[in-house]
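This briefing concerns a single protein structure.

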Amino acid sequence: MTKARTIIRKALAKGHEMGLKPLSVIVLDSGGHVKAFEREDGAAPGRFAIAHGKAYGSVMLGMAGTAQMARAEQQGYFMNAVNGAYGGQVVPVPGGVLVRDKKGAIIGAVGLTGDTSDNDAIAAAAGIEAAGLTAEI
């Protein structure tokens with residue numbers, strides 16, 4: 001099983017453990033390409049775009065969703081410009097989690113959506129850590 005599938009399986013398991021609403025989770029590589037995606041039964045069909053936007057913004061900016069949200073609150077013009085540059089694909093909120101290897105290099109990002117953004121980030125981080133990698137929320 002690839003690490004991407006492990007991340008998804010363990011993130012969804014954490015969501016079940018926490019009693020979260022139906023989730024959707026995506027794993028992107030360091031170039032922003034989709035490695036894996038899963039949407040649970042009952043999750044809204046539009047969740048792919050939200051999960052992708054959370055992860056895409058994280059990997060393309062090298063900045064996790066929590067940091068992106070803080071930046072958007074402080075410098076909305078910057079995040080608006082970034083979103084324009086990336087074709088409106090960035091969703092700057094928690095739930096976009098950077099994935100780092102053992103040396104600290106960014107190797108991808110996970111986007112998780114379906115519950116509150118903070119809960120999304122917790123479940124995503126659990127999946128990343130279960131795969132033996134480091135999560136940056």
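The points below are grouped by topic.

The structure is a predicted model. The protein contains five helices and five strands, which follow one another from the N terminus in the order α-β-β-α-α-α-β-β-α-β. Its radius of gyration is 13 Å, close to the 14 Å given by the globule rule for 137 residues, so the protein is as compact as a globular protein of that length.

**Overall dimensions and packing**
- The C-alpha trace spans about 40 × 35 × 20 Å along its principal axes.
- Buried residues make up 42% of the 137 residues of the protein.
- Of the contacts between residues at least 6 apart in sequence, 62% join residues at least 24 apart.

**Surface and charge**

**Strand β1 and its partners**
- Strand β1 comprises residues 24-29 and is mostly covered, with five of its six residues buried.
- Strand β2 (residues 34-39) pairs with β1 in the antiparallel sense over five bridges; in this pairing, Ser-24 has Arg-39 of β2 as its bridge partner.
- Four residues lie between the strands in the hairpin of β1 and β2, where Gly-32 adopts a positive phi near 85 degrees.
- Strand β4 (residues 106-113) also pairs with β1 in the antiparallel sense, over six bridges; here Leu-112 of β4 is the bridge partner of Val-25.

Notes
Residues numbered from 1 in each chain as written. Predicted model: local features only at pLDDT ≥ 70, side-chain atom pairs only at ≥ 80, totals over all residues. Heavy atoms only, no water. Buried < 20%, exposed > 50% of the residue type's maximum accessible area, 1.4 Å probe, protein only. Helix = DSSP H or I, 4+ residues; strand = E, 2+ residues; numbered from the N terminus. Pairing = 2+ DSSP bridges. Rg over C-alpha atoms; globule rule 2.2 N^0.38 Å. Contact = heavy atoms within 4.5 Å.
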